Amino acid sequence: MPNSSEHASSFAEARFAALLDAAVDAILVIDSNGQIETFNRAAERLFGYQSVEICGQNVSTLMPDKYSHAHDSYLQRYLTTGERRIIGIGREVSAMRRDGSVFPVELSVGEVATGEKRRFVGIIRDISERRASEQELRQQQERLEHVTRLGTLGEMAAGIAHEINQPLTAIATYAHAARRLLSSDRMDAVRLDDVLGKMATQAERAGQIIERIRDLARRQSPSQELCDLNAIMDETLKLAEVDARYHDAPIVVEMTPGLPHAWLNSVQIQQVVLNLLRNAIEAGGAGTKLKLRTYARSKEELVVEVEDNGPGVPESLRTEIFNPFFTTRTDGTGMGLSISRSIVASHGGRIEVDAAPTGGAVFRVTLPTALGEIDE
Amino acid sequence: MSETGGIVFVVDDDEAVRDSLSLLLESASLQSQCFASADEFAEHYQGGMSGCLLLDIRMPGKSGLELRDWLDQQGAQLPIIFITGHGDVPMAVDAMKRGAIDFIQKPFSDDELLQRVQQALESEAGDRADRAEADRVRANFETLTPREREVMQQVVAGRVNKVIALDMDISQRTVEIHRARVMHKMGVRSVADLVRLASFLDK
Ligand SMILES: Nc1ncnc2c1ncn2[C@@H]1O[C@H](COP(=O)(O)OP(=O)(O)O)[C@@H](O)[C@H]1O
Ligand SMILES: [Mg+2]
């Protein structure tokens, strides 16, 4: 039987092709140059190309520009060095349809070595829907965060109102005084200029408080930036101290200077710390003594601690308090710590509560530094 | 506005509020002195100071109410006008329960503030004058002999000489002599004036 092996192999190939066409996921095979050899039915449906027209073309045709340039070099590097960027790993990338539209896919690539020839099999799954639901979840989370943030601001409202009332009082009083002095001819231009300057300063002071509230109230997409944790704490304190002063709950600040930087969303981290300070004031009442501390536990970990000398959290509740809706306050929502925990988790960190030496509570937030991502 | 010579002591932790208040007081030709905390004022405080206090009810450290309690213990006679904010209603109510108190809410109307301050200064000046008079009356009273004091009590009680003489078992003439000495030593000409002075002795 002269052509039996050839026959057998073409039979095997036909079976293989049938198998590929039956697969739900898009599957394609490329050679070591990136040329497409096989393109299954699902791939045809997904990308809008016919197998016959796409086979023989470079796989980068299926990628948006920003990937397509890099792809050839990835392939080359893998072939020469064996360095894996994607082979055998599988990751989420963007793909491009025939009509040019880009969509998210999960790509896993396997290597098939048959004799001399190296080939790569790519399995592609459309994850637009999964992405959409993930995004929806994230949006829901954001909305919840937003609401909690506003709730925290609401809890701080009395202190904030008091704080804004101070400069307003000063402005009104300066104005009344200046008018009286002017009408009795006891105010010259130099003096008036001085008083007007003071009024302007007070107006700016009121404006700054409002600006800080607006920053926090504004909805923000959770983007993380490389930042200095202490700088975020400084910003947080400007608002927190308004509340703390109002409740006569002084904050002792112990920040370790020169901390390694970290990838942080500053508004979210502010929210977490405001939450913790608010809870401490709420638990301890007027006259509570608060401590805000930052330090590096190691090169990899930063710590923020909020300590109070209030009643503390009983050992039996130290996990439960982080659950959504857990509250012991009549006007509580029970969302503060739950949101704080998910924010910290999205930063790759963790949050826990312990007993403070004074018998109060100490909440400890641990966050990873940017070590390894930047060389300083 | 009348001159009382009193000083308005402004105690508020907010520098701008203090500064603007002292300017407003100056515009009404009132003297003021500013303090950034209750403790700062307490350190400065001396018995016999005259004037009134414009006192922030809510301050870090010792609160305005605590300062008032401290001043009470010192026997201070300075009237206090409390400065309150919107959120301080419960505090104000609490303060009222502990005695009648004057309040003014931030931000102030200038007329109202100055009027209250003026009233406080005048009432303090009046009290001060009363106290000075009481001191003088008491000093004069000290110079009376026991007999003269007894005669004075009877006169103030509205008794005529004849009744007093019978009661004290002395002659009417002697009563007249005592009575003249009392009037002289107490520095008054009429019984009505003597009655008024006697009221200071009860205090
Ligand atoms: N510093 C603290 N000291 C004592 N208990 C605390 C402290 N912080 C939080 N808790 C407890 O955790 C509960 C949940 O807090 P949180 O999630 O912020 O919700 P809420 O503040 O609305 O109750 C609080 O009701 C309180 O019982
Ligand atoms: Mg809370």
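Begin the tour by selecting ligand 1 together with its surroundings: 19 residues surround this ligand, and the closest of them are A:Thr327, A:Thr328, A:Arg329, A:Thr333 and A:Leu337. Please note that the structure on display is a predicted model.

**The contacts of ligand 1**

Next, display the side chain of A:Thr327. One of its N or O atoms is 2.6 Å from an oxygen atom of ligand 1. Then show the backbone of A:Leu337, where a polar atom is 2.8 Å from an oxygen atom of the ligand.

**The pocket and its shell**

Keep the surface on while examining the site, for ligand 1 sits in the largest pocket. Which elements of chain A give two or more residues to the shell around the ligand? Select helix 9 (266–284), helix 10 (336–346) and strand 12 (361–368) of chain A, which are those elements. Of the elements, helix 9 of chain A gives the most to this shell, with 3 residues. Colouring the shell by residue class gives 9 nonpolar, 8 polar and 2 charged residues.

**The domains of chain A**

The domain assignment places domain 1 at residues 4–126 and domain 2 at residues 135–368. Taken over C-alpha atoms, the centres of these two domains of chain A are separated by 52 Å.

**A backbone feature in chain A**

Select A:Asp185, in the loop between helix 6 (157–183) and helix 7 (189–217) of chain A. Although A:Asp185 is not a glycine, its phi is positive, at about 60°.

**The domains of chain B**

Turn to chain B and apply the domain colouring there. Its assignment gives domain 1 as residues 7–128 and domain 2 as residues 143–200. The C-alpha centres of domain 1 and domain 2 of chain B lie 45 Å apart.

**A cis peptide bond in chain B**

For the last stop, select B:Lys106 and B:Pro107 and display the backbone between them. What kind of peptide bond joins B:Lys106 and B:Pro107? The bond is cis, with omega at about -15°. B:Pro107 has its place in the loop between strand 5 (102–105) and helix 5 (110–142) of chain B.

Conventions
Residues are numbered from 1 along each chain as its sequence is written. Chains are lettered from A and ligands numbered from 1 in the order in which they are written. This is a predicted model: local features need pLDDT of at least 70, side-chain atom pairs count only at pLDDT 80 or more; totals for chains, interfaces and linings use all residues. Side-chain values use heavy atoms; hydrogens and water are left out. A residue is near a molecule or strand if one of its heavy atoms lies within 4 Å of it. A polar contact is a pair of N or O atoms within 3.5 Å; within protein, one must be able to donate a hydrogen and the other to accept it, and residues adjacent in sequence count only if both atoms are side-chain atoms. On a 1 Å grid over the protein atoms alone, a cavity is a set of points where a 1.4 Å probe fits but cannot get out, and a pocket is an open set with protein on both sides within 12 Å along at least five of seven lines; lining residues have an atom within 4 Å of a point. A molecule sits in a cavity or pocket if more than half of its atoms lie within 2 Å of its grid points. Helices (H or I, at least four residues) and strands (E, at least two) are DSSP runs, numbered from the N terminus. Ala, Val, Leu, Ile, Met, Phe, Trp, Tyr, Cys and Pro count as nonpolar, Asp, Glu, Lys and Arg as charged, and the others, Gly among them, as polar. Domain bounds come from an automatic or database domain assignment.
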